[in-house]
Amino acid sequence: MIRVLIADDQGMVRTGFTVFLSSQPDIEVVGEAANGQEAVERVAELKPDVVLMDVRMPVMDGLEATRRLMAAGEAKVLILTTFDLDDYVYEALRAGASGFLLKDASAAQLAEAVRVVAAGEALIAPAVTKRLIHEFARLGGPRAPSVKRLAELTERETEVLTLIAQGLSNLEIAERLVVAEQTVKTHVGRVLTKLDLRDRAQAIVYAYETGLVRPGE
């Protein structure tokens, strides 16, 4: 069973998501939180696998709560967002979020998102990747001066990381490189291990911050 905690200051949202997820045979909603501080406390108490985290909450927002959870090594975080309102994609990824989910997602999309993040994958839709790239363009230039760990990658692994940062899926990368999708998965796993990155979301941030990929390329 995948244990889930829902953190949102709107009771109707929490109730709706709980009803959706509780109908799934492999997902259990173990608790709810109405703000970031409560989310951090409930995670320490309940030990969920995945936290559905709203960004805009009182007391402590979702970004700070995510930072604290990541620092403590507790749970994976799936950010709940409305892209027309929230400009937190970049900061949420830097905070350690594993992906994003629109609040108007269907029940099937919600359940699948939880499964993807619980399995250690990153959930980043093309629209999110584009928004992230725009944010890097706005900030301008690499933010991390050291590229030492990049030298540990093979030429093929560097190529795969570059394509990940451009928002391509494993299947799209396989088609681009004319290799099997499983081969790409193996390369992705090695990239994450060598660079000590948790998931695809962190890989995208790393690629841009080291200057391996630049907006517009």
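A polar contact is a pair of N or O atoms within 3.5 Å; within protein, one must be able to donate a hydrogen and the other to accept it. The exercises below use this cut-off on a predicted model.

**Exercise 1. Which side chain does Glu157 join in a polar contact, and is Glu157 buried or exposed?**

Step 1. Glu157 lies in helix 7, residues 155–165.

Step 2. Find the side-chain partner. The side chains of Glu157 and Lys194 are joined by a polar contact of 2.8 Å.

Step 3. Check the backbone. A polar atom of the Glu157 side chain lies 2.9 Å from the backbone nitrogen of Thr154.

Step 4. Classify the exposure. Buried means under 20% relative accessible area. Glu157 has 3% relative accessibility, so it counts as buried.

Step 5. List the surroundings. Beyond its neighbours within four places in sequence, Glu157 is in contact with Glu152, His187, Arg190, Val191 and Lys194.

**Exercise 2. Describe how Glu32 is placed and which residues it touches.**

Step 1. Glu32 lies in strand 2.

Step 2. Glu32 itself is partly exposed, because its relative accessibility is 28%.

Step 3. Leave aside neighbours within four places in sequence. The contacts of Glu32 are then Leu5, Ile6, Arg14, Thr18, Glu38 and Arg42.

Step 4. Take Arg14 from that list. Its side chain and that of Glu32 form a polar contact of 3.0 Å.

Step 5. Take Arg42. Glu32 and Arg42 are 10 residues apart in sequence, and their C-alpha atoms are 7.8 Å apart in space.

**Exercise 3. In which sense do strand 1 and strand 2 pair, and what unit do they make with helix 1?**

Step 1. Strand 1 spans residues 2–7 and pairs with strand 2 over 6 bridges, in the parallel sense.

Step 2. Ile27 in strand 2 stands opposite Ile2.

Step 3. Together with strand 1 and strand 2 it makes a β-α-β unit, and the unit is right-handed.

**Exercise 4. Where do the buried residues of helix 2 fall, seen down its axis?**

Step 1. Helix 2 runs over residues 36–46, and its buried residues are Gly36, Ala39, Val40, Val43 and Leu46.

Step 2. Down the axis of helix 2, these buried residues fall within an arc of 150°, so they line one face of the helix.

Step 3. Recall the geometry. An α-helix has 3.6 residues a turn, so residues three or four places apart point the same way.

Step 4. Find what covers that face. Strand 1, strand 2, strand 3 and helix 3 (62–72) are among the elements covering the buried residues.

Step 5. Inspect both ends. Asn35 caps the N-terminal end, with a side-chain oxygen 3.1 Å from the backbone nitrogen of Gln37. Just after helix 2, Lys47 has a positive phi of about 55°.

**Exercise 5. Compare the span of helix 5 with its expected value, then name its packing partners.**

Step 1. Helix 5 covers residues 107–118, which is 12 residues. From first C-alpha to last it reaches 17 Å, close to the 16 Å expected at 1.5 Å a residue.

Step 2. Its buried residues include Leu110, Ala111, Ala113, Val114, Val116 and Val117.

Step 3. The buried residues of helix 5 pack against helix 1 and against strand 1, strand 2, strand 3 (50–54), strand 4 (76–81) and strand 5 (99–102).

Step 4. Just after helix 5, Gly120 takes a positive phi of about 95°.

Definitions and conventions
Residues are numbered from 1 along each chain as its sequence is written. This is a predicted model: local features need pLDDT of at least 70, side-chain atom pairs count only at pLDDT 80 or more; totals for chains, interfaces and linings use all residues. Side-chain values use heavy atoms; hydrogens and water are left out. Two strands pair if DSSP finds at least two bridges between them. Helices (H or I, at least four residues) and strands (E, at least two) are DSSP runs, numbered from the N terminus. A crossover is right-handed if, with the strands pointing away from the viewer, the path from the first strand over the helix to the second runs clockwise. The expected span of a helix is 1.5 Å times one less than its number of residues. Buried means under 20% relative accessible area, exposed over 50%, partly exposed in between (1.4 Å probe, protein chains only). Contact means heavy atoms within 4.5 Å. The arc is that of the directions from the helix axis to the C-beta atoms.
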